[in-house]
Amino acid sequence: MTRKVADCRQFPSEMNCTLTISGEEQEVLDAATMHAVAVHGETDTPEFREQLKTFLVEEKVPVTH
């Protein structure tokens, strides 16, 4: 399973947020949406989630067990 990453540093903001979220795609999308709504004042709409989804990238750090 490919893990995804959402990095707030990719989005311009007045607060210079540095939060990074990683996990399975739906987990990251849900958490990033909640963060964007609570911290950045965004509105949780299907359109916003689709836009946010385009910014997700594959995690580059291999996970070892």
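Arg9 and Asp7 form a salt bridge, with 2.6 Å between the closest N and O atoms; the term covers a side-chain nitrogen of Lys or Arg within 4 Å of a carboxyl oxygen of Asp or Glu. Arg9 is exposed at a relative accessible area of 57%, whereas Asp7 is buried at 13%. Buried stands for under 20% relative accessible area, exposed for over 50%, and partly exposed for values in between (1.4 Å probe, protein chains only).

The model is predicted: local features need pLDDT of at least 70, side-chain atom pairs count only at pLDDT 80 or more, and totals for chains, interfaces and linings use all residues. Residues are numbered from 1 along each chain as its sequence is written, and side-chain values use heavy atoms, with hydrogens and water left out.

The structure holds 5 salt bridges. One of them joins Lys53 and Glu25 at 3.5 Å, N to O. This pair links distant parts of the chain, since Lys53 sits in helix α2 and Glu25 in helix α1, 28 residues apart. Helices (H or I, at least four residues) and strands (E, at least two) are DSSP runs, numbered from the N terminus. Lys53 is partly exposed at 35%, and Glu25 is partly exposed at 29%. Asp44 also forms a salt bridge with Arg49, with the closest N and O atoms 2.9 Å apart. A network of salt bridges links Asp30, Asp44 and Arg49.

The cysteines come next. A search of the whole structure finds 0 disulfides, a disulfide being a pair of cysteine sulfur atoms within 2.5 Å. The sulfur of Cys8 has its closest cysteine sulfur in Cys17, at 3.6 Å, which is too far for a bond. Cys8 is buried at a relative accessible area of 12%, and Cys17 is buried at 15%.

Asn16 lies in the loop between β1 (4-7) and β2 (20-23). Asn16 has a positive phi of about 50 degrees although it is not a glycine. Most residues other than glycine have a negative phi. Asn16 is exposed, with a relative accessible area of 62%.

The largest pocket holds about 360 Å³ of space. Of the 19 residues that line the largest pocket, Phe11, Ala36, His40, Glu42 and Phe48 are the closest to its centre. The elements giving two or more residues to this lining are β1, α1 (25-40) and α2 (46-53), and α1 gives the most, with 4 residues. A pocket is an open set of points on a 1 Å grid over the protein atoms alone, where a 1.4 Å probe fits, with protein on both sides within 12 Å along at least five of seven lines; lining residues have an atom within 4 Å of a point. Grid points are joined across faces, edges and corners, and the volume is the space filled by probe spheres set on the points.
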